[in-house]
Amino acid sequence: MTPAPRGVTLRGVVKRFGSVTAVADADLEIRPGELMALVGPSGCGKSTLLRLIAGLEEPGGGEILIGERPVNDIPPGDRDVAMVFQSYALYPHMTVAANLGFGLRVRGTDRGEIEERVERTARILGLGDLLARRPGQLSGGQQQRVALGRAMVRDPGVFLFDEPLSNLDAGLRLRTRDQIASLHQRLGTTMIFVTHDQTEALSLGQRVAVMDRGEILQVGTPDAVYRRPASLFVAAFVGSPPINRLGLSGTDDGGVAGGPFRFATDPPLAAATLAVRPEDLTVTPPSFRPDITPPVRADFTATVLRVEALGSEQRVHLDGPGSATWIARTPPSLRVDPGDPVHVSVAWERTHLFGPDGSRVGAPPRPIHILRDS
Amino acid sequence: MRRRTRAARTLPVLRAALLLGACLVMAAPFLWMAVTSLMGQLEVFSGRGILPAAPLWSNYPEALTAQPFGRYLLNSLVFSVAVVAGQIVTATTAGYAFARIDFPGRQKLFMLFLATMMVPVVIVLIPRFLLIDALGWIDTYQGLISTELVSVWGIFLMRQYFRTLPRELEDAARVDGAGPLRVFISVALPLAKPAVATLALFAFIDAWKNLLWPLLATRSMEMRVVEVGIAAFHSTYEINWPYQMAAGVVAVLPIALLFLFTQRYFVRGIQLEGIR
């Protein structure tokens, strides 16, 4: 029933609106049947990229392929894609059934088949009782499912989602996220999911493409993007609470240093930024301060500023090195209070180093030696 | 505190009084027309009072049979309905194009259209007359109707309305496989119903009460519209005020009834003009 999923390939795709470059030279390969999440802050060009794939915008350059077929000059309706919009964009003057069947009617599908497919889709999504209603009579969640159904009913080769969850409340958002994930497993269709919410992107995407200012900065599995961010922007954008950062400055011996951290760099860097994920900071009471042998860890002492007890985990805000507050993710069993001095250690292999242009510096940075600030 | 309560009490009264006053000013000519329609021809200028001594209901049948008003009403209806239909077609398509279709010179062309609204109707009467004369259409329906089919005001109204429709709806239809015409007919137009209703209403009223153009474009009694017929009481029967007013009441009735049921579209039409 379901047609073979199609891949989507972007080669050097450019889109400008006047003097603003919304998408700059985008290269992206989405495999058939893959669920790809496009994530980035608002205005980064992710929605424009999706609209380019849908055919709702014309690229200023480059090539877009759906399956093996270049689609630059093919109108949206003939691209074998379906799209779920942020506002759902349900036709307010049509019933749910008419909304679902509109795409089929436009294509001249015969009436019996339209009815059958609309009913099947409605059954899958639990919309059976709502077919005679109009969108205005539905709740947000129901509207969302109709929008999903309108995309599904045509059995498209590629599904495009433009922030479809952003108008739902938190609980419904989680449930719908699961629904989309199971829909993907069930249909096996290629899906491209645009969101500004990095948690959503990591939880849904088999791979994630992180965008900023019209550029695709990194494409990889959620784990790779999280564990090995290609740039400081990706490191900072992905992950919550955000990654801890510390500015390092160049030293006379060609390395970079700041606080208790000191790295040799090759070639030498004038400045760099060190970043450490909150869960990669080990916080212990000062009395438990372990005897550390370089080059396994760096460590420093800090004062607890605030403790967020979240039940399953605890976030400890610290006045770590540098001016910004450091956040450590610790087990709730750690008993600390604001004002307490604590000992913090970091495994070297868990640190990330980024050059002055924000790009990742080489393989795991090699520490020279450790300064203790005791 | 007390002052505020007093203000709160007097304000609605003031407002009501003001509205009532304005209402009277607006209604007075109509009431005068209705009253005059029931007077005798000499009574009108007798200065004995505002109300007729004995209402002369016979003025109505007499006025309406003095001239073929049945035919006039039919002509008015044909003229008005055709103008409404034509303006709906031209205003919705042109308005949509100006609102949504990106073509070179769109803005300039639109400004040019708007500029024509500043030209007084009277000035273009002669060119219009020459045009239909050249076509041999004087004293025909096509001559009467053709030059009224496009309303720049209507195009403006529809453009403003189409611009308020969410673009995502049209995008969704495009992804669903609809071409531009299908998007217009199946999505944009049905959603523009309130604006179309407003346009139809205004167009109907404009056409119904149009005197000058039908007066020029028609000659025979068979082609006259109601307004021309009413005006004709001046010449044909000297100045028979009661007859003229009786015919006027009959001509106003359809519009008054229409207004009763469609007030909200009037209000909407006025609001829409304010949307930029």
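Start with two helices in chain B of this predicted model: helix 3, residues 69-100, and helix 10, residues 193-208, whose axes come within 8 Å and cross at roughly 140°. The crossing of this pair is right-handed. If you want to find the contact on screen, pick out the residues on each side. Helix 3 of chain B brings a list that includes L73(B), L77(B), F79(B), V81(B), V84(B), I88(B) and A91(B). From helix 10 of chain B come V196(B), L199(B), A200(B), A203(B), F204(B), A207(B) and W208(B). What classes of residue make up the contact of helix 3 with helix 10 of chain B? It has 15 nonpolar and four polar residues, and no charged ones. S76(B), S80(B), Q87(B) and T92(B), from helix 3 of chain B, also take part in the contact.

Now move to where the two chains meet. Here 15 residues of chain B are in contact with 25 residues of chain A. Together the chains bury about 1600 Å² between them, with carbon and sulfur atoms giving 60% of that area.

The rule finds ten residue pairs in polar contact across it, counting pairs with both residues at pLDDT 80 or more. Helix 8 (167-175) and helix 9 (180-191) of chain B each supply at least two residues of the side that touches chain A. The largest share, seven residues, comes from helix 8 of chain B.

As for salt bridges, the count between chain B and chain A is two. In one salt bridge, the side chains of D171(B) and R51(A) meet at 2.8 Å, N to O.

Over all chains, the structure holds 22 salt bridges. One to look up within chain A pairs E163(A) with K46(A), their closest N and O atoms being 3.6 Å apart. Where do these two residues sit? E163(A) lies in the loop between strand 7 (158-162) and helix 5 (170-187) of chain A, while K46(A) is in helix 1 (residues 46-54) of chain A, so this pair ties together parts that are 117 residues apart in sequence.

Methods: Residues numbered from 1 in each chain as written. Chains lettered and ligands numbered in written order. Predicted model: local features only at pLDDT ≥ 70, side-chain atom pairs only at ≥ 80, totals over all residues. Heavy atoms only, no water. Contact = heavy atoms within 4.5 Å. Buried area = accessible area lost by both parts, 1.4 Å probe. Salt bridge = Lys/Arg side-chain N within 4 Å of Asp/Glu carboxyl O. Polar contact = N/O pair within 3.5 Å; in protein donor to acceptor, adjacent residues only side chain to side chain. Helix = DSSP H or I, 4+ residues; strand = E, 2+ residues; numbered from the N terminus. Axes fitted to C-alpha atoms, helices over the stretch in contact; angles between N-to-C directions. Left-handed = near helix turned anticlockwise from the far one by under 90°. Nonpolar A, V, L, I, M, F, W, Y, C, P; charged D, E, K, R; others polar.
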